[in-house]
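Take a look at the chain below. Then follow it helix by helix.

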Amino acid sequence: MSTSFTSSSPLFMEKTWRHALAKEIQQPYVEMLKKFLMHEMHNEEIYPPASQIFEAFRLTPYNKVRVVILGQDPYHGPGQAHGLCFSVNKGIPIPPSLKNIYRELHDDITTFIPSNHGDLHSWAMQGILLLNAVLTVRKGEPRSHCQKGWEIFTDSVIRLLAFRDLPVVFLLWGSLAQEKYHRIFAHHNVSHKHCVLQAGHPSPLSSSRFFGCKHFSQTNAFLQRINQKPINWNIPQ
């Protein structure tokens, strides 16, 4: 784990992200986060595996990000988390939140065919950064790695994207995602060039405020307006 924050570890983070985050990973809080994670890995089972903590940053280069979907923290069950928010490994039952995402997609995009698995790699490869606010979790203990430094790190990630010239679609589902965005940009006039779409979280607890949001068609409409290729939301079976 100690090498996964360094610029000499191409396995964990794609080169444009390593360059963009070079100053951030030298901050004192990152060293404290590394020590916390090393202790957790030695004494607990944490998810995702160390080699996949930065999977979103490996699959979606900084200069290719067109859409950001912001989650909370990784799934905390065995075999589920693999470094992409809302996504699970093939062979793992599709979680309720992702089922609801598929349901909304089916209602919103006429050509969408629900997948029989929950692996969202194909979205990441099209420029969708599937980012959790917290990148690790202890087995069976949701939010167990909150307030350890990850939130500062992912705030910086969003800030880097927001200050790029290329417009980004931010899909903010649930109050935590929405608070994170407003906390970062409350005093900066950068949101005007981006498309910010907000709705309830797709969890069954708040899905009534998620269904009908039509964020997927709105995302593609915005991308086409700025002469970008729309997202193919269908997931290879």
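This is a predicted model: local features need pLDDT of at least 70, side-chain atom pairs count only at pLDDT 80 or more; totals for chains, interfaces and linings use all residues.

The protein chain averages a pLDDT of 91. Of the residues, 93% score at least 70.

Now find helix α7, which covers residues 175–185. Which of its residues are buried? They are A177, Q178, K180, Y181, I184 and F185. Look down the axis of α7, and these buried residues fall within an arc of 160 degrees, so they line one face of the helix. An α-helix has 3.6 residues a turn, so residues three or four places apart point the same way.

What covers the buried residues of α7? The cover includes three strands: β2 (67–71), β5 (169–173) and β6 (195–199). It also includes helix α6, residues 150–162.

Stay with α6 for a moment. Its axis and that of α7 are 10 Å apart, and the two helices pack at an angle of about 65 degrees. Angles of 65 to 115 degrees count as roughly perpendicular, so α6 is roughly perpendicular to α7. On the α6 side, the contact is made by E151, T154, D155, I158, R159 and A162. On the α7 side, K180, R183, I184 and F185 take part. Among these, K180, I184 and F185 are also on the list of buried residues of α7. The crossing of α6 and α7 is right-handed.

I101, E104, L105 and D108 of α4 make the contact with H215, F216 and S217 of α8.

Is L59 buried or exposed? Its relative accessible area is 11%. Buried means under 20%, so L59 is buried. Which residues does L59 touch, leaving aside its neighbours within four places in sequence? L59 is in contact with L84, H121, A124 and M125. For a sense of distance, take C213, which is 154 residues from L59 along the chain. The C-alpha atoms of L59 and C213 are separated by 27 Å.

Notes: Residues are numbered from 1 along each chain as its sequence is written. Side-chain values use heavy atoms; hydrogens and water are left out. pLDDT is the predictor's confidence in each residue, from 0 to 100. Buried means under 20% relative accessible area, exposed over 50%, partly exposed in between (1.4 Å probe, protein chains only). Helices (H or I, at least four residues) and strands (E, at least two) are DSSP runs, numbered from the N terminus. The arc is that of the directions from the helix axis to the C-beta atoms. Contact means heavy atoms within 4.5 Å. Axes are lines fitted to C-alpha atoms, for helices over the stretch in contact, and angles run from 0 to 180 degrees between N-to-C directions. Angles under 35 degrees count as roughly parallel, over 145 as roughly antiparallel, 65 to 115 as roughly perpendicular and the rest as oblique. A crossing is left-handed if the near helix is turned anticlockwise from the far one by less than a right angle, and right-handed if clockwise.
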